[in-house]
Each structure stands twice: as C-alpha cells, then as structure tokens.
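Please keep the sequence and the model in view while I jot things down.

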There are 2 protein chains.
Amino acid sequence: MNIPNIPAHAPSPGTAPTLADPDTPFAVVDVQRTLRNIERLSARADRLGVALRPHVKTAKSLDVARLLQDGTPCPVTVSTLAEAETFAEGGYTDITYAVGIAPHKLPRVLALLRRGVTLRVLLDSTEQAASVADASRRAGLPLPAQIEIDCDGHRGGLRPDAPALTEIGRILHDAGCLDGVLTHAGESYFAHTAEDRRLAARNERDTAVAAAERLRAAGLPVATVSVGSTPTAHAAEDLTGVTELRAGNYVFFDLVMAGIGVCHLQDLALSVVVTVIGHRPEHGWIITDGGWMAMSRDRGTAVQAQDQGYGLVTDLAGDLLPGLVMTAASQEHGTLTARDGAHLPDLPVGTRLRILPNHACATAAQHRGYHVIDGTRSTDTAPAVQAFWERVTGW
Amino acid sequence: MNIPNIPAHAPSPGTAPTLADPDTPFAVVDVQRTLRNIERLSARADRLGVALRPHVKTAKSLDVARLLQDGTPCPVTVSTLAEAETFAEGGYTDITYAVGIAPHKLPRVLALLRRGVTLRVLLDSTEQAASVADASRRAGLPLPAQIEIDCDGHRGGLRPDAPALTEIGRILHDAGCLDGVLTHAGESYFAHTAEDRRLAARNERDTAVAAAERLRAAGLPVATVSVGSTPTAHAAEDLTGVTELRAGNYVFFDLVMAGIGVCHLQDLALSVVVTVIGHRPEHGWIITDGGWMAMSRDRGTAVQAQDQGYGLVTDLAGDLLPGLVMTAASQEHGTLTARDGAHLPDLPVGTRLRILPNHACATAAQHRGYHVIDGTRSTDTAPAVQAFWERVTGW
C-alpha cells in the first residue's frame, strides 16, 4: 500500500490520524474488503476461463486499481476520456472506453493511440462507424472499435439481428478498425434472485456471441466478445465464446448490490464518515453533517423490497447500528431515524458514524478521494487512516 | 467579467470557443440570466428594507459571487468551511456558516476569526453552545454564534418556545458569543402557490422574531435575526424585526423553482451541454453522453405536478425543444424521450443540446466549474464562451 498522504485537515503532524480525526464528511475505503471483493471476482473469472477487464468508473483511482492485479496494470474499462488519460499516464495500455463515442472526442482518442495505448471505442450506428473509419484513415492509425450490442433493452446498442450490424462491421473492417462486440446487462441490477441473474448472464453471453457469429458469418473477423455487469459477472456459469468479462461496482459493492443478493453487507468497502450535529427527539431524528453532497442523491434501494433510505449506519469501527437509517438529506444535513420500532440510540453531538451508500459509484463521485483503512485490524473505536487516495474527476 | 480562461479541451488557440467546442458534458452559466436573477432579489430586499446575505452554496464560485454586488465582497452564507476559507481568501469578511457546528470544526473557525473574518456559527443545543463558549474562552476570541430556530419542522433548530432556547442564549452570552437567531423555511420548497409561500414567509419571519423577542425578554441581546429560503425570499411582504434575508438557489434557479412558480423557465441560468451519441427509435429514445454524473441524481420535480424527469432539453442557443425530456440516466448516459405525443426530433449523432436541471445546487456540484455565456447576445447556433469559472469543492 501507499505511504500515507496527509489527509485533508489532519491533526497535527506526529499524531497518527484515525477516522476520528479528519473533518467530516469524508469517504472511507476499507482496503481489506476491497481486496476480498477483487479476489472473489478474479477467482470466478479464472474458473470461467475468461479474462477480466475491471471497470474503473466506480473507484476512479489509480491507487484502488493497484489492488486489482498486485500493482501491475491490467486491462481496464473506463467511462470517460479523463479516466483513460489518467490511467494511460499511470501505465495502463489496454483500455476500453465503454460509452458510445461522440465524434468530437476522437482527437483525444487518437492522441492516446499515438502514445501507444490501445484505446477501444464503442459505437452502434453507421454514422459513428463512418466517423471512426474516417478519423482512422486520416490519422493513418487503426482506431479499434467495438460494436455495442443490446441484450436487454437497457440503453444503447443494436440487437444482434439488426440489419445495421453487418453494415457497421463492414465500415469498421474496411478501415482496419473492427475489434469486436460489447454488451452490458444493465437490467441485471434489478434481478432479485440468483436464478434471474443466471438467466441474465446466460442471455448476455448468448446475445454477444450471436452478434459475433453474425459478423463472422459475413466474413468480418471479431477478436473481442466482451460482456459484463457486476450482477451477471457473479452469476455466469458458462462464458463459452466470450473473451472478456467486465464489472466495476464489485470492488466496493453497495446497498443496491446487497439488496439483490450479489454481496453481503459485510462486503461493502465504501462508506462516508459523518458527525452528529443535532437531535430532534420530538420527531425521532438525529441530524448529521452528511447530506446529499456527501452521499449523492442516489436512492437505488427505493425500488427494492427493503428501501434503505440514503444509507445504513455503522459506528466508526464498521459495526451496524441496528435499525438506524439515513432517511432524509439536504445539501449538508442528513437525518437518521429508527426503523421498525428500533430504539433510537443515544448519540451525543460530536459522535462520528459511517453511512453505507445505496450506490457506490454515485457516492464516491461526491468526494475528491478516499481515506483508506485496513478493516481487519480490530479496534474498539476509530480505525487508523493508512493513506489518502485521490480520484479522477471531470470528463 | 473575467478574462476568459481556456476551457478544458478547447479548440486550438486563436479559435474563439463556443458551446460547440469543449468536450461534453460540461456545465454552462448564462451570466445575463444570473445577473437578472440577482437584481430581482436585490430590488426585493431593498423594498423590504432588509440586508441580503446570499448563500453561495449553489454556485460555490468567487466569480459568480462577483456578480452579487458589482465585484465588491458582500455578506455571504456558506454551507461548508471550505467555502468559508475560499471566500475569506477572496476578501469576504462577513460570513455565516449555516450548518449546525460540529465541535471538532471549531479550530478552522477560529483560524478564520484570527484572520479578521467575522465567521458566525450555528447551533441548537446546550452541548454545542458549551463547546463554542469553551473554545472562545480558551482562544480569548469571541466566536459569534447564532441559535438555529425551527419554523416548519423541516430539519434542525429549536422551536421559539423550547425551554433550551434561553439556556443556550445565556451560555453564549456569558462567553460573549451570542450573535442572534437564524431560521430557514425549508418546507417552502413544497409551497406550490404564491399564497402558500407568502404564508411560509410570514411564518418564517414571525418565528424568528418570536425567538429573538424571547431571548431579549430574558435579558439576552440579539443583534441578528436572519431568515430566508429562495421561495420565501421572493414572497415575503413584511420583514419587520428581521435584520437579514438569505437565499442561494435564486442566482441560477432550476426546474423545481420553476415548478412551484418562483421563476420562469427563461430564468434558469444553469444548464449542461451534452452530445447525442445514439438512437433507439424502437423505444423512442435518443441517447446522450450526459448521465447522472453530469446532472446529479436529483429528481426534485418527481414530487411536483409536472415531473420533469432529469431535465428539460434546449438547443445550444437555449431554446426549448418542446416535449423533449431527459427521462433516464446512468453514469455517463442520458435518455431523452418525447412527452405527451410530442414528435421526437431528428437529432443526428453529434448534435449538442442543453439540459435544464431539477436542482441547480446538485447539478452544479457535479462539475469543476462553469463555461460562461452571455445569453443576451443573439445567435442562431452556439453562444461564445466568455470564461471558465471554477467552483469550490470538498469540505
């Protein structure tokens, strides 16, 4: 692990900072839980005989990414060119930008390709394919592109039987740009049973492979067949014909993933430390200094069987305070209430708590970086801060 | 206005950048609309005979704040100590930190006081008052504090008849710390008629004045009686006994404020520029590269009569595309759909659009700063970018 940086507003030098020290609110990453989550999916991918291409959009951190493969750069997926540029700077040379390409972004893609980074772009229209082919020809540089395939009506992509599929494949191939196909089972976030997730994983695989086969039948070579989402990656049983698996959220997990059963609450590696700043006993409220600016407005569990509000509450050591939920948020205020007749604990002003988020990607995005702890070192009170890890911001 | 900075990923030097140039998504501020919004509330405050203390938590920008009073620092409200420190650095010496104080933050407050900044803190418990009094005595520096008053059950604060009110007042006064009372009609965001907002404003004023009178009757001097929220500030008819008015959102406004009738859509000064990256005609979807990372997850209009999804859509010049709504968001994807049988416009890949947000405070927080345009300069296509204005981040 890194030599610790000085956390923002740390106590005076010489004092070992703990989670009791930095000004609140701030984001915390439990490095041991993160490593365990990473190891779990790594082992799965090995068993399935498929390469893993983690999506770094959740943590957006070179330091967290160092945990993926013992510090060696591995293939990664990114959600912004800012991530691609930061990871290229960090030595990553095999990157997939998994958001449909806007033609005006191609100069930044070409700049990375010229630096020796294999940066793949994604597209699902003949217009985009023509732009990529044209940019590639003018640059004299093959610009590898994948065709986005829609497996579940979630967002973008072509159905594998779409007439445009082979046309796009042809445009890309003729310019030396065709790399393969990519699909993402976005609807699997709503698959509430293990069986539903297995079916979603099978459908994701079948759809991607069908698209690849159709292109191959048209004489178009397909190197990459990329599938994945955190729920399907943890449910897939057979990935024959798939060359790589993508997932992002799994490094931290969150209440949405715990709510559908992909992980347990003890796997959640991201939390936000807040401080009690007031009480409204007549309403049953405890007020904290962590509002939506610290947690995000994401309420992904609102559509689940158990709505977890803006998050569940633990003490500084990470032990759940049973029945306590963050039920409301304004910009810099959070409201905690007791659920189902639970006792509202006595938490004086100044008490620090940790909030487990609905959606790790959204909550992490509200912070400049992470205070890092080693959750396995037992402590009665405040775990020591091992490091401060910065995030990539912007686009 | 500032000399323009080079926007991130601007075209080559020598080309005047317009909203058609920077890589998307990015946030835009229309400086003329902002000025008009500022002028409107300024004139109201003048008519009401009350000082205005704008809340800078929405824009979080020294550059936007320069518009408040012709470049001269004015009294401001902040939501974080990071804002207080940045504004102090920018020459602001009269600042109220309007979130209940956590005792561990007092060293940063004292550091600003020692620099000559009058920084007021907020509290609503005897514990906090004792911490403030104690810190003040040990520092030998009066630490001005306001007592938070609850006028509508929205969040924190004491009711004006709460037994603790005078006790807190006494603790503060004895340490030379008692500055006054502050209340915020947070429930006025849900006041859907002008009459409801007038009543909310009257109640906000009456409650704050009642609390001040109770303290005065106990022999405790009250200098500041501070009230405000964007809806009540625009509805108040009589602020007798009030010394200052606070509001923040009004500099930009947003769809929530337009939805309850505090402003018109043409007043919205903040938007996000996105690019069309795909089409799903079989679903009636246009896909853009602006997801919740660019817009935030805030869906404040979901509880209004007209749910505006993640936002309304305009062309680059700011003209609404009737019936087009951003109805879904993932991290870096937005989905636009046509409402109420409206025609889905033909917007090829690469088309740039602007999205008007639900909640300006939340959407602005997703960006490092603002590309600034002068919306009054008529243009058929893409307004020129006048400057890039940075935001304060973190806590």
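Below are my entries, grouped by topic.

**Entry 1: the domains of chain A**

A reminder to myself before I start: this is a predicted model. I looked up how chain A is divided and found domain 1 (56–247) and domain 2 (259–390). Their contact takes 18 residues from domain 1 of chain A and eleven residues from domain 2 of chain A. I also noted that the C-alpha centres of these two domains of chain A lie 34 Å apart.

Next I wanted the size of this interface. The size of an interface is often given as the accessible area lost when the parts come together. For domain 1 and domain 2 of chain A, the buried area is about 1100 Å², and carbon and sulfur atoms give 63% of that. How many salt bridges cross between domain 1 of chain A and domain 2 of chain A? I found zero salt bridges there. Polar contact between the two domains of chain A comes to two residue pairs.

I then checked which helices take part on the domain 1 side. Helix H2 (62–65) and helix H8 (230–233) of chain A each supply at least two residues to the side of domain 1 that touches domain 2. By class, that side of domain 1 of chain A has seven nonpolar, six polar and five charged residues.

**Entry 2: chain A meets chain B**

I turned to the two chains. I found 60 residues of chain A in contact with 60 residues of chain B. Together the chains A and B bury about 4800 Å², with 54% of it on carbon and sulfur atoms.

How many salt bridges lie across the interface of chain A and chain B? My note says eight salt bridges. I wrote down B:Arg297 with A:Asp298, where the closest N and O atoms are 2.7 Å apart.

Several elements of chain A give two or more residues to the side that touches chain B, among them strand S4 (94–100), helix H5 (126–139) and strand S10 (270–280). Which element of chain A gives the most to this side? It is S10(A), with four residues. The residues on this side of chain A divide into 19 nonpolar, 24 polar and 17 charged.

**Entry 3: salt bridges, one by one**

A search of the whole structure gave me 42 salt bridges over all chains. I picked a few to look at.

The pair B:Arg280 and A:Asp150 forms a salt bridge, its closest N and O atoms being 2.7 Å apart. This pair crosses between chains, from strand S10 (residues 270–280) of chain B to the loop between strand S6 (145–149) and helix H6 (164–174) of chain A. Are B:Arg280 and A:Asp150 buried or exposed? I found both B:Arg280 and A:Asp150 buried.

Within chain B, the side chains of B:Lys60 and B:Glu83 meet in a salt bridge at 3.0 Å, N to O. B:Lys60 sits in the loop between strand S2 (51–54) and helix H2 (62–65) of chain B, while B:Glu83 is in helix H3 (residues 81–89) of chain B, 23 residues apart. B:Lys60 counts as buried because its relative accessibility is 2%, and B:Glu83 is buried too, with a relative accessible area of 0%.

I set another pair of chain B beside that one: B:Arg115 and B:Glu89, whose side chains meet in a salt bridge at 3.4 Å, N to O. They link distant parts of the chain, 26 residues apart. At 48% relative accessibility B:Arg115 counts as partly exposed, whereas B:Glu89 at 61% counts as exposed.

Most residues other than glycine have a negative phi, and most peptide bonds are trans. With that in mind, I looked for exceptions.

The peptide bond from A:Thr24 to A:Pro25 is cis, with omega near -5 degrees. A:Pro25 lies in the segment before strand S1 (26–30) of chain A. In chain B, a cis peptide bond joins B:Thr24 and B:Pro25, with omega about -5 degrees.

A:Asp70 has a positive phi of about 50 degrees although it is not a glycine. I located A:Asp70 in the loop between H2 and strand S3 (76–78) of chain A. A:Asp70 is exposed, because its relative accessible area is 79%. For B:Asp70 I noted a positive phi near 55 degrees, and at 80% relative accessibility B:Asp70 counts as exposed.

Methods. Residues are numbered from 1 along each chain as its sequence is written. Chains are lettered from A and ligands numbered from 1 in the order in which they are written. This is a predicted model: local features need pLDDT of at least 70, side-chain atom pairs count only at pLDDT 80 or more; totals for chains, interfaces and linings use all residues. Side-chain values use heavy atoms; hydrogens and water are left out. Domain bounds come from an automatic or database domain assignment. Contact means heavy atoms within 4.5 Å. Buried area is the accessible area (1.4 Å probe) that two parts lose on being put together, summed over both. A salt bridge is a side-chain nitrogen of Lys or Arg within 4 Å of a carboxyl oxygen of Asp or Glu. A polar contact is a pair of N or O atoms within 3.5 Å; within protein, one must be able to donate a hydrogen and the other to accept it, and residues adjacent in sequence count only if both atoms are side-chain atoms. Ala, Val, Leu, Ile, Met, Phe, Trp, Tyr, Cys and Pro count as nonpolar, Asp, Glu, Lys and Arg as charged, and the others, Gly among them, as polar. Buried means under 20% relative accessible area, exposed over 50%, partly exposed in between (1.4 Å probe, protein chains only).
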